[in-house]
Amino acid sequence: MPTLSKLTKSAFHNEAQAFEYLEETLWPDGPVCPHCGTVGNATKLQTPERVEGKRQARIGLWKCKSKECRKQFRVTVGTVFEHGRIPLHKMLQAVYLLCCSKKGISSHQLHRVLGITYKAAWFLSHRIREAMRDGSLSPLGGTGKTVEIDETGFGRVAGAPQRFYRVGGRMGQYGRTVLTLVERGGSARSFHVEGTTLGQLLPIIRANVNRESAVMTDAASWYKFLQGHTGVASHDTVNHTDYEYVRYPESGPTIHTNTVEGYYSIFKRGMKGVYQHCSEKHLHRYLAEFDFRYSNRIALGVDDTTRATRALKGVVGKRLTYKIPHVTAAG
Ligand SMILES: [Zn+2]
């Protein structure tokens, strides 16, 4: 049997099936009424075909059977898909495309592929990034686990003189700074930070790294007092300025920061090649996107379909309420 394109799935083309697919994903125990919280006690209002003289119910509409409630709702209520004017099946295609493209997919491309306006594609991709945002508060690492920490300069702060900014290498004064924590064999978590002073980095490291972890960084001065201030099990460094990239201790994990650097190489190629530039206030959303794909990567046994399903589970409770008039930037 020939392998069909993943995009031939009916939920990507048929609006009613798109709703059914989202319902199966978000409501494993039956429909959940967003008005009263009742689970599994609602009727589907949708009439299958147009009946003469009868108004056809909207696709995916349910009515709560709870006595005091009786209100109508759809599975998209309270999710990033609410209020979207784009049909749900197209939004599901966008989720899939954004989840399976290692370096992301630009709003321009989504606009062309999905046949929606650029503005709509821009809003949609930010809503999907919001769904990808990791809500988990549990720290990375743990006993016998290694967390690599590194930071990178990226892009240019709006308004900074062009000739001063440097990308990568030494942090430019006018570049934005990204701090990333990666658990070897596990997830990544990235933060847009103001700078690299101890006071700026420590609260993030304390909140996101389990104290039983072995921590690896480069020899940057701001990591000097990391162990004393965070109480992590161990802290080893590699000195890149001396061309030292890996060290094999007699016991314990190999000392290097290649994992987090591998993360940055995907992030930078994506930001440069696909998104080109993004405004500073949206950087954290792009970071969420790259973190999500990295933390749900194939090496961890997560294939494209599973990754897209996981992103869909994240659509709940993250409806974007902000208004962005600025949609001129590519990306
Ligand atoms: Zn209800």
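**Why the sheet and helices get their labels**

Tutor: Five strands make an open sheet, ordered S6-S5-S4-S7-S8, with mixed pairing. Strands here are DSSP runs of E, at least two residues, numbered from the N terminus. The model is predicted: local features need pLDDT of at least 70, side-chain atom pairs count only at pLDDT 80 or more, and totals for chains, interfaces and linings use all residues. Residues are numbered from 1 along each chain as its sequence is written.

Student: What makes S6 and S8 the edge strands?

Tutor: Strand S6 (188-193) and strand S8 (234-238) each pair on one side only. Two strands pair if DSSP finds at least two bridges between them.

Student: How do you know that S7 pairs with S8?

Tutor: Five bridges join strand S7 (residues 214-218) to S8, and the cut-off is at least two, so they pair. The two run parallel, and Thr-217 stands opposite Thr-237 in S8.

Student: Which helices touch, and what is the angle of H3 to H4?

Tutor: The axes of helix H3 (residues 107-114) and helix H4 (residues 118-132) come within 8 Å and cross at roughly 115°. Axes are lines fitted to C-alpha atoms, for helices over the stretch in contact, and angles run from 0 to 180 degrees between N-to-C directions. Residues in contact have C-beta atoms, placed from the backbone, within 7 Å; among them are Leu-110 of H3 and Trp-122 of H4.

Student: What lies across S4?

Tutor: Helix H7 (residues 258-275) lies across strand S4 (146-154), strand S5 (176-183) and S6, at about 35° to S4.

Notes: Helix = DSSP H or I, 4+ residues; strand = E, 2+ residues; numbered from the N terminus. Contact = placed C-beta atoms within 7 Å.
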